[in-house]
Amino acid sequence: MRIGIFGGSFNPIHRGHTGIADALCRLGAVDEVWLMVSPLNPLKQGQQNELLDDAVRLHLARLATADLPHVHVSDFETRLPVPSYTVTTLARLQEAYPDVEFVLVIGEDNWLRFDLWREHDVIRTNYDIVVYGRNGGTTRVDVYRKDGTTALLGNVEGYDVSSTEVRQALCNGQWSYAEKWLHPAVCRYIRTNHLYMK
């Protein structure tokens with residue numbers, strides 16, 4: 001079993017996240033994608049005040065992936081010490097699931113600053129890394145293999161959206177933008193519970 005680990009704050013989860021995860025499975029890059037909800041990204045510590053509780057973000061992620069059979073939501077990282085470093089998460093996952101081949105899934109923006117990640121060389125040596133473009137339209141998916149080779153896996157639909165933009169839209173009452181990028185169940189939950197609003 002080859003499983004893609006797609007980590008993030010998912011604050012909130014949007015169609016870009018779920019669309020890429022589903023596309024990677026359909027492309028055959030991995031058998032499943034596990035959305036790894038992070039308690040706190042070490043490179044985003046300044047956004048801590050905007051971060052919803054782990055349990056709420058996990059619930060929203062499960063709502064958003066309910067109709068995607070190969071995409072699963074994991075609370076594994078929320079049970080590890082904070083801040084959460086990907087190298088630690090991958091090592092603990094490998095210990096817990098020794099028969100699984102884990103693959104790291106990241107956006108091109110993170111790939112461009114991958115040398116800032118904790119023990120990035122250890123990750124590159126031990127895991128394949130699937131990198132997807134963050135632009136809209138059609139975007140490419142590449143794999144950087146642990147053996148040092150690189151390959152184009154294919155092209156998928158891109159999503160020109162970020163959680164920051166969605167939060168700003170919600171804060172400003174721009175529901176048409178939010179509804180465009182949020183799963184209807186996620187949008188209803190956010191509206192009902194007045195999340196991200198002033």
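**A buried aspartate, its partners and a sheet**

Asp128 counts as buried, because its relative accessibility is 7%. Buried means under 20% relative accessible area, exposed means over 50%, and partly exposed lies in between (1.4 Å probe, protein chains only). The model is predicted: local features need pLDDT of at least 70, side-chain atom pairs count only at pLDDT 80 or more, and totals for chains, interfaces and linings use all residues. Residues are numbered from 1 along each chain as its sequence is written, and side-chain values use heavy atoms, with hydrogens and water left out.

What does Asp128 meet? Its side chain forms a salt bridge with that of Arg2, at 3.2 Å from N to O. Arg2 sits in strand E1 (residues 2-8) and Asp128 in strand E5 (residues 128-132), so this pair ties together parts that are 126 residues apart in sequence. A salt bridge here is a side-chain nitrogen of Lys or Arg within 4 Å of a carboxyl oxygen of Asp or Glu. Helices (H or I, at least four residues) and strands (E, at least two) are DSSP runs, numbered from the N terminus. Glu101 joins in too: Arg2, Glu101 and Asp128 are linked in a network of salt bridges.

The structure holds 8 salt bridges. One of them joins Arg26 and Asp22, with the closest N and O atoms 3.1 Å apart. These two are 4 residues apart in helix H1 (residues 15-27), so about one helical turn separates them. Arg26 counts as exposed, at 62% relative accessibility. Arg191 and Glu179 also meet through their side chains, at 3.6 Å from N to O. Arg191 lies in helix H8 (residues 184-192) and Glu179 in helix H7 (residues 175-181), so the bridge ties together parts that are 12 residues apart in sequence. Arg191 is partly exposed at 41%, and Glu179 is partly exposed at 44%.

Now look at the sheet. It is open, has 7 strands with mixed pairing, and runs in the order E3-E2-E1-E4-E5-E6-E7. Strands E3 (71-74) and E7 (150-158) are the edges, each pairing on one side only. Two strands pair if DSSP finds at least two bridges between them. E1 and strand E2 (residues 32-37) pair in the parallel sense over 6 bridges. Ile5 has Trp34 in E2 as its bridge partner.

Helices pack on this sheet. H1 touches E1, E2, E3, strand E4 (101-107), E5, strand E6 (137-144) and E7, and its direction makes about 130 degrees with that of E7. Helix H2 (residues 54-64) touches E2 and E3, making about 170 degrees with the direction of E3. Contact means heavy atoms within 4.5 Å. Axes are lines fitted to C-alpha atoms, for helices over the stretch in contact, and angles run from 0 to 180 degrees between N-to-C directions.
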